[in-house]
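Work through the exercises below with the sequence and the 3D view open. Try each task before you read its solution.

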Amino acid sequence: MSSHALDASAVLTAAARAAGIKADGAELIRDGANVLYRLPDRVVARVGRPGTCAVAEREVDVSRWLEGCAVPVVHALTGVPQPTVIDGSPVTWWRLLPPHRPATPGELGAVLGTIHNLPIPEELRLPRFDPFAGIDPDRISASPALDPEDREWLTRRLADLREQYLELGALGGCGVVHGDAWQGNVAVPDNGTPIVLDLEKVALGPRDADLVSLAVDYTDFARISDEDYDAFVTAYGGYDVTTAPGFRTLAEIQELRWVCFTLSKAATRPGAAEEARHRIRCLRGDVLRPWTWNAF
């Protein structure tokens, strides 16, 4: 268990006491940017890092807004403080999902089509979508996993992509976007009704940004079959983002984010540094598509 999870455990104990929620025998579900615990009575606690209270509050508000729009979504508990804040760390309380599987491409396309057609909820004051979130120029310049040539190339690539993104303008129309739309963030229980998860990146932005992750899996990694990609496009409403003028820019931003995420693990995860260097070789054109990248 990481030191973050150990700190989160203490926060959870205090928050559960303050909210009147049972936390005996809490089971760790995930130790990531947020730490998730399974509690008695089919409750899930989501412990955020200090200083993320506004994000946690917005997640709850987005969940309730989507429920009001008849979109099946992970349910935020009512009748408890949301979030419950302990020493600057927010804890939000959610209903445990039933047994489920990740969405198929077609199911993901249908869910995104529904979300993208919703009216903009002005009362939520959603932030603007930032495709470069998670790409830290300082981390690139300071990473010991990179040789000087790769470090210079990544820095220049980031600057070029920022300029290209600004030139795209509206990019196919803007609206509510999930912000982290992949098959694992839509859970499909046995009854077959997809449930939207992980709401912390919901924002206002180009709808194409939600379509790029799966499209890149199809175009650059061949993880998605022709049949499944066609199902994704059809379920979304017939729009194929790979034909959009801005697709390659969005695709390359997404791939750069995946490189930088792996780079952030280089000091603590065996193999991450070499994986990051492999991914950079791919982006630089030294490895032909379709690429194979190991998950981290």
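**Exercise 1: a helix and its end**

α2 is followed by A70, which has a positive phi, near 65 degrees. The model is predicted.

Task: Check whether the length of helix α2 (residues 53-68) fits its residue count.

Solution.
1. The helix α2 has 16 residues.
2. The expected span uses 1.5 Å times one less than the number of residues.
3. At 1.5 Å a residue, α2 should therefore span 22 Å.
4. The end C-alpha atoms of α2 are 23 Å apart, which agrees.

Task: Find what the buried residues of α2 pack against.

Solution.
1. List the buried residues of α2: A56, R58, E59, V60, V62, S63, W65 and L66.
2. They pack against β3 (43-47), β5 (89-95) and β7 (174-177).

**Exercise 2: a strand**

Task: Sort the residues of β3 by the way they point.

Solution.
1. In a regular strand, side chains alternate between the two faces of the sheet.
2. V43, A45 and V47 point one way from β3.
3. V44 and R46 point the other way.
4. All of them are buried.

Task: Name the strands that pair with β3, β2 (residues 35-39) being one of them.

Solution.
1. β2 pairs with β3 in the antiparallel sense, over 5 bridges. L36 stands opposite R46.
2. β2 and β3 form a hairpin with 3 residues between them. In the turn, D41 has a positive phi of about 65 degrees.
3. β5 also runs antiparallel to β3, joined by 5 bridges. Here V47 has V91 as its bridge partner.

Notes: Residues are numbered from 1 along each chain as its sequence is written. This is a predicted model: local features need pLDDT of at least 70, side-chain atom pairs count only at pLDDT 80 or more; totals for chains, interfaces and linings use all residues. Side-chain values use heavy atoms; hydrogens and water are left out. Helices (H or I, at least four residues) and strands (E, at least two) are DSSP runs, numbered from the N terminus. Buried means under 20% relative accessible area, exposed over 50%, partly exposed in between (1.4 Å probe, protein chains only). Contact means heavy atoms within 4.5 Å. Two strands pair if DSSP finds at least two bridges between them.
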